[in-house]
Every structure is written in C-alpha cells, then in structure tokens.
Amino acid sequence: MAMSGEAGDRPSSTISGINQTGLRAHNERLVLSLLRQYGTLSKAEIARHTGLSAQTISVINRALETEHLVFRGQPVRGRIGQPSVPMALNPDGAFSIGLRIGRRSADLVLMDFVGTLRAQVQVTYRYPTPERILAFVAAELDPLIAGAAARDREELRDRVIGIGVAAPFQLWNWLDRLGAPADEMAAWRDLDIVGALGKLTGLDIILENDASSACLAELSVGGGRRHKDFAYFYVGSFIGGGMVINHALQTGVRGNAGAFGSIPLPRTADDRSTQLIDRASLYLLERDLVAAGRDVSALWTRGADWSGFDEHLSVWYDDAAPSIASAIVSVAAVFDFPVVIIDGAFPTSVRHELTRRVRLAMAQTNTQGIAAPQIEEGQAGANARALGSALLPISTRFLLEPTAFLATN
C-alpha cells in the first residue's frame, strides 16, 4: 500500500488521497483498502488517514453503500458532538473464486469480501492435465457456490467477480521427477488457461505463480503483515518462493520472481550438480515412501495426518533443512532481507520441525558478509496457495493496488 509524506509532513500511516474530479475510483479503492486494513473506521478516521475532505468521504461512503460493498455500524455515542458512525466492509458485498492447480491435487475455493473462505473442494490425481483441471472446474464451480449460498444462490453468483488461478510456473517441467507422461503434460505448453477458463465460466481470470500466490496469502492474512520486507519459502511437491519488498509482492517481469527452487547448491558427495528443488521438495519424501511400500495419498490430501511418516520425515529433514539454509544465504546476499518465512503444504507439526531445523542449520552455515535474517514460521499454512489465488480478484478489482491486503507497521 503506497505511503506518502516525509517525516514531519503527515504521519507515516497516512495514505494520500486525491480530490480531483474524475478520480472517484482511486478514492473508493483507498477507502476500501483502509477498511480492509483496520476493520472499521469512522468518517473522521478515514479523513485523518487520507487527507480527503469530509464531503468527499461522505460521497464515497454513499456510493459504496449503494453497491452493498460497505455498511454502517451502530453509532458510537457518549462523546461531544454528533455520534461517530463506523463503516465496515460487507462480507457479502463481493465474492471471488480461487483455483489452485498443483502437481498432485487441485483446490477450488469461494472467498467473501473480507477474506473468509466460505467453501472449498479438492481433487487429487497422479498428475494434472488440462482436461482434468477444466473438468474439475466445470463439475464443481456451481455446487461450490450453491453450497455456500444460505439464502439467494443467484444473487451470490452475480456477486462473484472472477477467478484467481495459482499454478506452477511452466507446469510441464520436471516431468522425470513426477513420473508424468511427457505427451500429456506437454499440452500445458500450448494451452491458454486464462482463455479456456474464461470461456468455460464467463468470469474474469487472473493467473499467478502458485508460490507467489502463497506469498500473497502470507502477506495478506499471515505473519507477513508485520514485515515490510521478507523472503518466503514454500515447500510443495517442488519448493518455490516469493519476495515482498516495501509491503509489495514482487513477481518480476515474467511472473517468476522468487523462484528459489532453482538456486544452485554445493555439489553432492558423488559430485552431482543440484538445485534446491532436488533437495527440499516433497516429491523426494513421496519417492522414499513409495520405495518403502507406503500409502502416500495423505501427502496430497488437505488436513491429513502425517504422524505415521516420522521415520521418513527425519531423513527428509536431514537434507532439506541445511539445503534451505544454504539457499537463504544466497537470497540474503542479493537483497538484505531481515526476515525469511518458511511454510508449506504440510501439517503444522512438520512446519514447526522444519523451521526449527533450518534455524539450527543456519547457525552452522557460513554467513560471513551478510546479516543473517530472522527465520519465522508461516501462518497461512497448507492452504496458502488456494487462499492467495482467491485473494487475487478482490485485491485487483477493489483495493488500492494488487497487494493491498496488508497492514502497515
């Protein structure tokens, strides 16, 4: 969220408003962003944060009320003058769909205007194909909406503003690690997923890298809200990441910024060249479990229990934690991140243990020449990529900037 003013001008939490005619859309986004940030604000508080006139704020509030995007709370009495009337976002004001496409499973979610998930459905598979994903959306979209509509299904459907899609960058790559047929996965190369989903659903589609989407969720609803700058590692079938600089998600020119899985690591004992993706991804754990004759379906099922995998997890930690620590040093050497956040598609207990081991590995890693960052656990959790995908349409359409689901320090 953009800040304005030098020291001694406006307070650091002030956000610049624009009073000129014809820029109502900007000011509406500004008010909606502030309400998303603070929960409720009176007209006087909005004026203090923005510098907009009371008359301008009244006009904006009336327009947003007419569109059912905000509502008035109960007047706060007991002070001198007129009672203060707080404004808040209407949870039913708008809805967005999130589609998370993974290499072993996919999720479809419905999110309301304040960021609460109203419904979610998941499908698992050996590998994703365009036909599977499009069939999943075609079969589940209307039931997802119908299941969340307590009163008026048609009204809810009319308030769905779009679909955010979180998908791995170049989904067809690393086929040898997944055991997926090259010819079937190659169909992703030529597919216009945005166009195909738009034609199928009649909704606006926004596509983002899945790890960047997870990072957006951490920035928006997780612990990342506390930090101006942080690097983010997300462990899925393949490990990836994201970067937040000055409270904004950085996606890069090609949408692949924060591709930490491609960071080269020191050569192995048998002199093999490897990347982080080959040392800290969940496909490695899956491979070991399959070799041991274990059922691996729990790895890709939301909310499943991993307590039976402890022996194999211990082996995985032994390589994943020092590898992530080595990658953190590389990332911190490029941009002086004060904080690194670790999350992934696993239970909270696994996240806790991996983060603990990364901290221990960092203490044994050569950090000469850099300031070692603080290592934190993510809070968005295993559902981060689905959350991030659903945040995309709301933030893009209604907030001041595409990454405005955050709180200032």
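**Close-up 1. Where helix 12 meets helix 13 in this predicted model.** On the helix 12 side, the contact is made by Leu313, Ser314, Trp316, Tyr317, Asp318, Ala320, Ala321, Pro322, Ile324, Ala325, Ile328 and Val329. Their partners in helix 13 are Val350, Glu353, Leu354, Arg357, Val358, Ala361 and Met362. Sorted by class, this contact has 15 nonpolar, one polar and three charged residues. The crossing of helix 12 with helix 13 is right-handed.

**Close-up 2. Leu354 and its surroundings.** Which residues does Leu354 touch, once its neighbours within four places in sequence are left aside? From helix 12 come Trp316, Tyr317, Ala320, Ala321 and Ile324, and Leu354 is also in contact with Val235, Ile342 and Phe346. Leu354 belongs to the largest nonpolar core, which has 121 residues. Leu99, Phe233, Trp316, Ile324 and Leu354 are the residues with the most contacts inside that core. Helix 12 gives the most to this core, with 11 residues.

**Close-up 3. Helix 12 on helix 11.** Here Leu282, Leu284, Leu285, Asp288 and Leu289 of helix 11 meet His312, Leu313 and Trp316 of helix 12. The contact of helix 11 with helix 12 divides into six nonpolar residues, one polar and one charged. Helix 11 (residues 282–291) packs against helix 12 at an angle of about 140 degrees, with the axes 10 Å apart. Roughly antiparallel would need an angle over 145 degrees, so helix 11 and helix 12 are oblique to each other. Their crossing is right-handed. Leu313 and Trp316 also take part in the contact with helix 13.

**Close-up 4. Two histidines with positive phi.** Most residues other than glycine have a negative phi, which makes these two spots worth a look. His68 has a phi of about 65 degrees and sits in the loop between helix 3 (54–66) and strand 2 (70–72). For His247, phi is near 65 degrees, and this residue lies in the loop between strand 10 (239–245) and strand 11 (248–250). Is each one buried, partly exposed or exposed? His68 counts as partly exposed because its relative accessibility is 45%, whereas His247 is buried, with a relative accessible area of 7%.

Notes: Residues are numbered from 1 along each chain as its sequence is written. This is a predicted model: local features need pLDDT of at least 70, side-chain atom pairs count only at pLDDT 80 or more; totals for chains, interfaces and linings use all residues. Side-chain values use heavy atoms; hydrogens and water are left out. A crossing is left-handed if the near helix is turned anticlockwise from the far one by less than a right angle, and right-handed if clockwise. Helices (H or I, at least four residues) and strands (E, at least two) are DSSP runs, numbered from the N terminus. Contact means heavy atoms within 4.5 Å. Ala, Val, Leu, Ile, Met, Phe, Trp, Tyr, Cys and Pro count as nonpolar, Asp, Glu, Lys and Arg as charged, and the others, Gly among them, as polar. A nonpolar core is a set of buried Ala, Val, Leu, Ile, Met, Phe, Trp, Tyr and Cys residues joined through side-chain atoms within 4.5 Å. Buried means under 20% relative accessible area, exposed over 50%, partly exposed in between (1.4 Å probe, protein chains only). Axes are lines fitted to C-alpha atoms, for helices over the stretch in contact, and angles run from 0 to 180 degrees between N-to-C directions. Angles under 35 degrees count as roughly parallel, over 145 as roughly antiparallel, 65 to 115 as roughly perpendicular and the rest as oblique.
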